[in-house]
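Subject: Handover of a structure

Dear colleague,

Please find the sequence and the structure below. A description of what was found follows them.

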Amino acid sequence: MVEVVFSESAGGSLGFAAINNKHMGGVSTAIIADEQDSLPNQEKIEKIIREQEEKERINWESAVPLNIKRRDILCFPLALSFGNIDEKGIGKQREDALNKLFSIYPEEVKGVSQEMIKSSEKNLKELISCAEKGEEIRVWTSDTPDEACGICWMIEQLKPVGFDNLDITCVKLPDFHVMPDGTAAIYSSWGEVSPHQWGHLAKLGKKLPADYMYGLSLKWQKLQKENSVLRAVVNHHLVSVSENFYDDFIIKEIDAQEKEFMEAQVIGNVLGEYAFGIGDGLIALRIEEFIKNGMLETVTKADSGDVSYYRMLRKCY
C-alpha cells in the first residue's frame, strides 16, 4: 500500500509510526506557569514527568501496527492552498509559491523549497506508476487547507489512469480522538498526530468510489480556473478566497498588543487561537503587507540567522 501525505511533519510522524510500532519513544514535557505563579518544585516536576511517561507507555502498548515501510510514504509538501495553481503537475508556479512562503526564513533554509519540489516530482512519478499497476493507495487528509487541496490535486493527477481503475482509501482526520490513556486529542492537521495513533485512526479509512473521485477532480479544475491567491475550508467546503481572508483575525490579535509588540507573538496567537491550519509564513506575509501599507512600522530588525518576524513592530494607527 502506498501512503500519501501533504506535509513533511505528517510524513515524519507517519514514518516514525511505521518503524516504531509497540515501541515507546522519549517523552518531552513542557511546564507552563502563569507570570504570577511560581514554578513547581523539583518533586512536582518529576511527578509530572512520570505521569506523562506512563501515558506514553500506555499509548505505545496500545498502538495498532500499520505494517508499512517508510519507503511506502509519498509526501507532497506543496502548500497548494497558497499561490497560483493553474499549471499542470508540479512546475515553476509551485516553486515560486514555496519560495515566497519561505522568504521569511534565514538564507540557509530558503533553498529547501527546491528540494521539496524535486522530491515531490519524484514521488508523483512513483504514485502514478503505482496507480497504473493497480496498487492500493491510502491518502490522509483533513479540513486543513493544504490537505484539502492536496487530495483534490492528487486525484486530478491520477485522472489519466481512470477513476474506475483506482484503488484509493481516504482517511479523514476526525474532529477529536480519544487515546488509550483517556486523553481526548484535537488535531488540526495530520502533522500534529502522535506516531502511536496513526494505526488507530487508519481504521477510519473509506474507499473512494469513482464518482466521488470525479467530483474531486472537477473541484480542482474549478479552483484552477478561479486561480485565487488563497484557498480555504469554509464550513467543510474548499473554496477560493481573497488574499486578505485572514486579515481581520490577524488585526484582532495586533489590536490586543501594546503600542510596540513582538511580531512573533501575534503570529503565535493567530496559529494557536484560531487553528486555521495555515502556516506562519502566510501570516508573516500578511503582516509584511500591513507594514508596506503604513499600518505598522519596524522598530527593531530580527537578529542574523532568525526568521524575519523575530522583530519588534509599532502600530501606526
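Histidine 200 is buried, because its relative accessible area is 17% (buried means under 20% relative accessible area, exposed over 50% and partly exposed in between, with a 1.4 Å probe and protein chains only). This histidine 200 belongs to helix α7, residues 198-202. Helices (H or I, at least four residues) and strands (E, at least two) are DSSP runs, numbered from the N terminus. Neighbours within four places in sequence aside, histidine 200 is in contact with Ser62, Ala63, Val64, His177 and Pro180, where contact means heavy atoms within 4.5 Å.

Before going further, please note that this is a predicted model, in which local features need pLDDT of at least 70, side-chain atom pairs count only at pLDDT 80 or more, and totals for chains, interfaces and linings use all residues. Residues are numbered from 1 along each chain as its sequence is written, and side-chain values use heavy atoms, with hydrogens and water left out.

As a general point, strands of a sheet pair through backbone hydrogen bonds, either parallel or antiparallel.

Together, β3, helix α6 (residues 145-158) and β4 make a right-handed β-α-β unit. A crossover is right-handed if, with the strands pointing away from the viewer, the path from the first strand over the helix to the second runs clockwise.

The nonpolar cores

Which residues touch the most other members of the largest nonpolar core? They are Leu127, Met154 and Ile168, in a core of 69 residues. Helix α6 gives the largest share of this core, 8 residues. Apart from this core lies another of 20 residues, including Ala10, Ile73, Trp140 and Leu173. A nonpolar core is a set of buried Ala, Val, Leu, Ile, Met, Phe, Trp, Tyr and Cys residues joined through side-chain atoms within 4.5 Å. In soluble globular proteins, nonpolar side chains tend to be buried together.

Isoleucine 168, with neighbours within four places in sequence left aside, is in contact with Ile137, Val139, Met154, Ile155, Leu158, Lys206, Lys207, Leu208 and Met213. One of these, leucine 158, is found in helix α6. Leucine 158 counts as buried because its relative accessibility is 0%. Under the same exclusion of neighbours within four places in sequence, leucine 158 is in contact with Leu127, Ile128, Ala131, Ile137, Leu166 and Ile168.

Two exposed loop residues

Asparagine 235 is found in the loop between β8 (230-234) and β9 (237-241). Asparagine 235 has a positive phi of about 55° although it is not a glycine, and counts as exposed because its relative accessibility is 65%. Histidine 236 has its place in the loop between β8 and β9. Histidine 236 has a positive phi of about 70°, although it is not a glycine, and is exposed because its relative accessible area is 60%.

Helix α9 (residues 247-255) packs against helix α11 (residues 280-292) at an angle of about 75°, and their axes are 11 Å apart. Axes are lines fitted to C-alpha atoms, for helices over the stretch in contact, and angles run from 0 to 180 degrees between N-to-C directions. The two helices α9 and α11 are therefore roughly perpendicular (under 35 degrees counts as roughly parallel, over 145 as roughly antiparallel, 65 to 115 as roughly perpendicular and the rest as oblique).

An open sheet is formed by 3 strands in the order β10-β12-β11, with antiparallel pairing. Its edge strands, β10 (260-262) and β11 (296-300), each pair on one side only. Strand β10 is joined by 3 bridges to strand β12, residues 312-315, and glutamate 260 has arginine 314 of β12 as its bridge partner. Helix α11 packs on this sheet, touching β11 and β12, and its direction makes about 100° with that of β11.

Yours sincerely

Definitions and conventions: Pairing = 2+ DSSP bridges.
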